[in-house]
Amino acid sequence: MPKRKNATRTDGRIQIKIFLGRDENGKKKYKYVYGHTQKEAEQKAEEIKLSLRKGLNIIDANSPFSLIANRWLKIKLQYVQGMDYKSSVEQINTYIGDIPISKINIVDIQDMINSLAICNPNTGKPASKRTLVIRKCTTKQIFDMAIENRIIDFNPAIYIKIPKDAPRSLRRALTKEEQSWILNTEHRAQTAAMIMMYAGLRRGELIPLMWNDINFSESSINVNKSVYKVGNKFVVKQGAKTRAGSRTIYPPKILMNYLSQLPKSSLYVCANANGQMHTTSSWSSMWNSYLHDLNLKYGKFSFTVSSKYDPKGVPFVIPHITPHWLRHTCATLLYFAGYDIKAAMEYLGHSDMKTTLEIYTHLDAQYKKSSSSKFDNYLANIGNNN
């Protein structure tokens, strides 16, 4: 049973000193609790005693959320690279980072989600449903790690609700200029980018793609495998992400001609530097290198930059192109090429027509709006001819 000593402070509060044990050097550790009355101080001491009986780490329980969150981020990025995790933790910390992790309750996190749903400070607009889900999931995972390390015993993030009216974010397509970057920049990742942009493969379908999945005489690609992540590795699963994902597609000549000219020195079309299938870290390293090459070549800087390794640092000024953007670009190209919804659905391997329909509906709205000016111009020309 932990010992405790009572004392009255100069401000009149009751102080109770609780023995927590000894550290790795044998030094005694104590925890102090305070109350305006003996009963209040005793109650706080009992809460500490209960936590000690559960084996919780009382010292870390008083650490600010941001300290635990940054520990989680450091570990997470050893296995999975991604801008979302870093930006997600940074934003969450602006809301609850200063609060001791053991003191954060459901309301604190729900208030954060509700505030972002009204206005995301990063964009000045309501946060999308996807952003809100990422913030909730990131917070939940941080609390999960704290529970695993006996810092707390309750995860308040599991009870958070995402507002039903949160807008859905549609991943944008690359502009014509950005598509030209992909076509005109040699890099190990160019092959991956070309396949995702013109064949619409998901990253998980692209990584295990083998040369024997490509039939050059038929100008076709057979999508029959996918990968899922386990730690730092991708594990191959026979069959695509969904049943509809297993498909044979017939990409445009620009892609097939490009692929036919590549060396076939590996089993994999988009192999890592050793000719093997990518791991999560090798993929991330390759993709980040590619983005930095694109940034150096096409970015507009206020000073002269000669190398992406410039000691002064190179600001990242181009959009952070993702595999999702490239796949969405493929969907957009299919739309403008005249593919109907069913044909586009089969090409992209969507299991639900609603997904394809949502993309096409969004593009319809954009295209019809831009096309209205053509009607005005046509009528104006008729008037001029009269």
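Predicted model: local features only at pLDDT ≥ 70, side-chain atom pairs only at ≥ 80, totals over all residues.

Residues are numbered from 1 along each chain as its sequence is written, and side-chain values use heavy atoms, with hydrogens and water left out.

**Salt bridges**

Let us begin with the charged side chains. A salt bridge here is a side-chain nitrogen of Lys or Arg within 4 Å of a carboxyl oxygen of Asp or Glu. By this rule the model has seven salt bridges, including those in the table.

| Salt bridge | Closest N and O atoms |
|---|---|
| Asp 144 and Lys 140 | 3.0 Å |
| Lys 342 and Glu 346 | 2.5 Å |

Helices and strands are DSSP runs numbered from the N terminus (helices: H or I, at least four residues; strands: E, at least two). Lys 342 and Glu 346 both belong to helix H13 (residues 341-348), where four residues, about one turn of the helix, separate them. Salt bridges with shared partners also link Arg 202, Glu 205 and Arg 247 into one network.

Asp 144 and Lys 140 are likewise four residues apart, about one turn, in helix H6 (residues 129-148).

How open are these partners to their surroundings? Buried means under 20% relative accessible area, exposed over 50%, and partly exposed in between (1.4 Å probe, protein chains only). Asp 144 counts as partly exposed because its relative accessibility is 25%, and Lys 140 is partly exposed at 31%. Glu 346 is partly exposed too, with a relative accessible area of 46%. Glu 205 and Arg 202, by contrast, are both buried.

**The sheet**

Next comes an open sheet of three strands, ordered S4-S5-S8 with antiparallel pairing. Strand S4 (214-215) and strand S8 (247-249) are at the edges with a single partner strand each, so one side of each has no neighbour in the sheet. Two strands pair if DSSP finds at least two bridges between them. S4 and strand S5 (residues 220-223) run antiparallel and are joined by two bridges. Ile 214 has Ile 221 in S5 as its bridge partner.

**A helix residue**

Our last stop is Ser 285, which sits in helix H11 (residues 280-298). Ser 285 counts as partly exposed because its relative accessibility is 49%. From Ser 285 to Asn 272 the C-alpha to C-alpha distance is 9.8 Å, and the two are 13 residues apart in sequence.
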